[in-house]
Amino acid sequence: MELKKNPKANVGRNSALYFAIGLALMLALTNFAINYKTYDKEVIDIGMVSMDAELEEEVPITEQLQTPPPPPPPPAAPEVIEVVKDEVEVEETVIESTETSQEEEIVEVEEVEVEEVEEDVEVPFSIIENVPVFPGCEKGSNADKKKCMSDKISQFVGRNFDTDLAGELGLSGRQRINVIFKIDKNGEITGVRARAPHPKLEEEAARVINKLPKMKPGMQRGKPVIVPYSLPIVFQVQD
């Protein structure tokens with residue numbers, strides 16, 4: 001059976017095209033709706049700057065003080081020339097020449113004697129050739145005399161030193177006094193110096209050392225010399 005309807009009157013022949021156009025329109029509307037933004041409009045008054053007005057600055061009026069001119073300098077005093085009479089005679093100093101001539105006689109000079117000045121030489125106790133000899137230590141070698149002298153001085157200090165003085169001063173425990181003195185060329189005790197925890201102990205140590213007997217002086221190269229000597233004084237204060 002043949003169709004008698006006009007093909008142009010068929011509505012469904014372009015349905016696919018219409019569907020695609022409609023779909024594209026819907027997508028465009030959807031995209032616009034999603035991306036559409038609104039802003040709140042507020043009235044902001046930023047003001048107006050007028051550049052026409054000029055700044056007017058008041059300049060203070062200054063008064064110029066007119067200082068009077070300085071007075072003219074006083075006239076110079078006339079020079080007075082005073083004539084002084086030369087009444088004082090000045091003696092001229094004559095400088096004689098010190099040069100000699102061939103005719104001048106040469107004076108012979110006698111032999112000049114040079115006096116030897118003895119110097120106070122100090123030799124340590126440990127290296128001296130012949131140590132000072134304490135009374136009672138005359139026998140034995142140099143080493144024996146050193147030991148004998150040290151023992152004799154320690155015994156002398158132990159017998160004469162007032163150990164009760166430290167307790168009276170309020171000190172306690174072990175006390176140490178360092179004493180330095182010299183045995184001069186005559187065997188006498190000189191230059192006593194002491195260092196202790198209290199000045200009274202220093203005075204007591206100096207008193208005892210100054211009471212040491214006179215010794216035979218130390219000898220170095222056959223001549224008497226000064227010999228320094230150090231002595232520690234150590235004792236315990238009984239509580």
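Me: In this predicted model, is Lys 223 buried or exposed?
Reply: Happy to walk through it. Lys 223 lies in strand β4, which covers residues 223-225. Its relative accessible area is 56%. The cut-off for exposed is over 50%, so Lys 223 counts as exposed.

Me: What separation is there between the C-alpha atoms of Lys 223 and Lys 185?
Reply: Along the chain, Lys 223 and Lys 185 are 38 residues apart.

Me: Which cysteines does a disulfide join?
Reply: By the sulfur distance rule, the count comes to one disulfide. Its S to S distance is 2.0 Å, and the cysteines it joins are Cys 137 and Cys 148.

Me: Where in the chain do Cys 137 and Cys 148 sit?
Reply: The two are 11 residues apart. Cys 148 belongs to helix α2, while Cys 137 is in the loop between α1 (15-35) and α2.

Me: Is Cys 137 buried or exposed?
Reply: Buried means under 20% relative accessible area. Cys 137 has 1%, so it counts as buried.

Me: Which element gives the most to the largest nonpolar core?
Reply: That core has 32 residues, and Leu 212 is one of those with the most contacts inside it. Elements giving two or more residues include α2 (142-160), β1 (173-183) and β5 (227-237). With six residues, the element that gives the most is β5.

Conventions. Residues are numbered from 1 along each chain as its sequence is written. This is a predicted model: local features need pLDDT of at least 70, side-chain atom pairs count only at pLDDT 80 or more; totals for chains, interfaces and linings use all residues. Side-chain values use heavy atoms; hydrogens and water are left out. A nonpolar core is a set of buried Ala, Val, Leu, Ile, Met, Phe, Trp, Tyr and Cys residues joined through side-chain atoms within 4.5 Å. Buried means under 20% relative accessible area, exposed over 50%, partly exposed in between (1.4 Å probe, protein chains only). Helices (H or I, at least four residues) and strands (E, at least two) are DSSP runs, numbered from the N terminus. A disulfide is a pair of cysteine sulfur atoms within 2.5 Å.
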